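Trainee: I'd like to learn how to read a model like this one. Can we go through it feature by feature?

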Amino acid sequence: MSIDTGDTAWLLVSTALVMLMTPAVALFYGGMVRRKNVLSTIMMSFAILALVSILWVLYGYSLSFGSDKGGIIGGLEWLGLMGVGQEPSSIYAHTVPHLAFMMFQAMFAIITVALITGAVVERIKFGSLLIFSTLWLTLVYCLVAHWIWGSGGWLARLGVLDFAGGSVVHINAGVSALALTLVLGSRKGFKEREPMEPNNIPMVVLGSGLLWFGWFGFNAGSALTAGGLASNAFVTTNTAGAAAALTWMILGWIHRRPSVLGVATGAVVGLAAITPASGFVHPIASIPIGVIAAMLSYYVMFWRSRAGKIDESLDVFACHGVGGTWGIIATGIFATGAVGGAKGLIDGNWLQVPIQIAGIAVIIAFAFSITWLLAKLVDVTIGLRVSSEEETVGLDISQHGERAYGGLLR
Amino acid sequence: MKKIEAIIREEKLDAVRIALESQSYFGMTVSEVIGRGRQKGLTLQWRVGEYCVNFLPKIKIEVVVLDEDVPKVLNAISTNARTGEERGDGKIFIIPVEGAVRVRTGEMDENAI
């Protein structure tokens, strides 16, 4: 095992790219809420960036990637990064320093937790969100990450393919967002269908653009080498994001007008869907993957907003849960041996799709039930929700004592 | 003296400003406001579908005029703010003004406007 400087350089750059995605989520979500809650929404992602960074080096990495315990969880030998050094790991990514691999994985944990916040904006108590996030990282993320990516993880042994996190990141976050919303309840005025106008759509577009940019690190970086496989993931990533953005734009146009919020959302959905497939499928397969992802997500979102029953406010489930689920299934369909070694349906391996679906079912059931329990635990102990007055005033003032846009006096 | 408060469509601001200038009224105060009349709300695009906000953006122009100029100013504003659409062109209110002071010189009332 010797360090390859090209691989190391690319992984370090990719790590920085994925880091930028969490502030991008902050902008993407922050622009969509009402003006009185924009800072609180941004703060959720930013605080999670700091919080999970610390938890990850203290114990998160060890629980996720440490020596396998029954396929379920990693051991504690890497607590506080003991034994995680400048030399490559003997298990993961043999051409880069172990520290670089650890930090790359940290960024995935961070963004997964941040993604969930889109469901609970404008009403969750900030302190409770941080406590929930700590519990969720420990008891949901670290386990699911170990099952799929940890050496000896049981879903990996079953043969579930997930190149860059369609299940660990997107399904996991989407389903957990839904469960957390069900415990938290809807925003005041949601059931009465009061309009909740986004405060800054250009900010949403900036967030979406930065996510697209960072996603090259997310997917192409997941090759863990700087070569052909990374290039394949790079091309599939861009192509799927583009296909889904165009599809969403056209669907909006058919219904009324091509909306800017729509095209920004479509890109993210396509990028989520290609994530598990990016290193397994031919670049052209990313077009149907993106197109179908956008259609599925669009109609799930349409149905949710039409029904008006569940205030999963920024549609984390419809974007990431649906996009990720389709992406994992699509990986089973379109994986071709020539790209990443694994064979899917188009290569005659009819068994891969059922394996993918089994993996999805396990993760959905696990993430939903544990998240629901953790949310209930936080709710009955310290309370998940702000008071009615605090919600009316807005979380920027009530939780953080700040307002985003200054008043008349300057 | 009367204060003319005109609530008009955003896109009619320039036409009304030019009409007021042609009546030699160069001073005015303009605000972006929201409100509604018979037009009710505004329908906007969401990521999927659409939603309706309860108030529309409008422009409010305030200009203080001499009593004898009121009819021609009202005429200038209303003819230039009209679109011919069924609703949404706005309203004009006429309010009596007690007095006025030009801050720079201390000139009073009709000399101050």
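Predicted model: local features only at pLDDT ≥ 70, side-chain atom pairs only at ≥ 80, totals over all residues.

Trainee: Where does helix 1 of chain A bend, and by about how many degrees?

Mentor: Look at Pro23(A): the helix bends there by about 25 degrees.

Trainee: How do I read the packing of helix 7 of chain A against helix 8 of chain A?

Mentor: Take the angle and the axis distance together. Helix 7 (residues 201–220) packs on helix 8 of chain A at about 145 degrees, with the axes 8 Å apart, and the crossing is right-handed.

Trainee: How many residues of chain A are in contact with chain B?

Mentor: 14 residues of chain A touch 10 residues of chain B. On the chain A side, helix 10 gives the most, with four residues. That side divides into five nonpolar, six polar and three charged residues.

Trainee: And in chain B, in which sense do strand 3 and strand 4 pair?

Mentor: First, the general idea: side chains in a regular strand alternate between the two faces of the sheet. Here, strand 3 (residues 42–45) and strand 4 (residues 50–53) of chain B pair in the antiparallel sense over four bridges. Thr43(B) has Cys52(B) as its bridge partner. The hairpin has four residues between the strands, and Gly49(B) takes a positive phi near 65 degrees.

How values were computed:
Residues numbered from 1 in each chain as written. Chains lettered and ligands numbered in written order. Bend = angle between axes of the 7 residues up to and from the residue. Helix = DSSP H or I, 4+ residues; strand = E, 2+ residues; numbered from the N terminus. Contact = placed C-beta atoms within 7 Å. Nonpolar A, V, L, I, M, F, W, Y, C, P; charged D, E, K, R; others polar. Pairing = 2+ DSSP bridges. Axes fitted to C-alpha atoms, helices over the stretch in contact; angles between N-to-C directions. Left-handed = near helix turned anticlockwise from the far one by under 90°.
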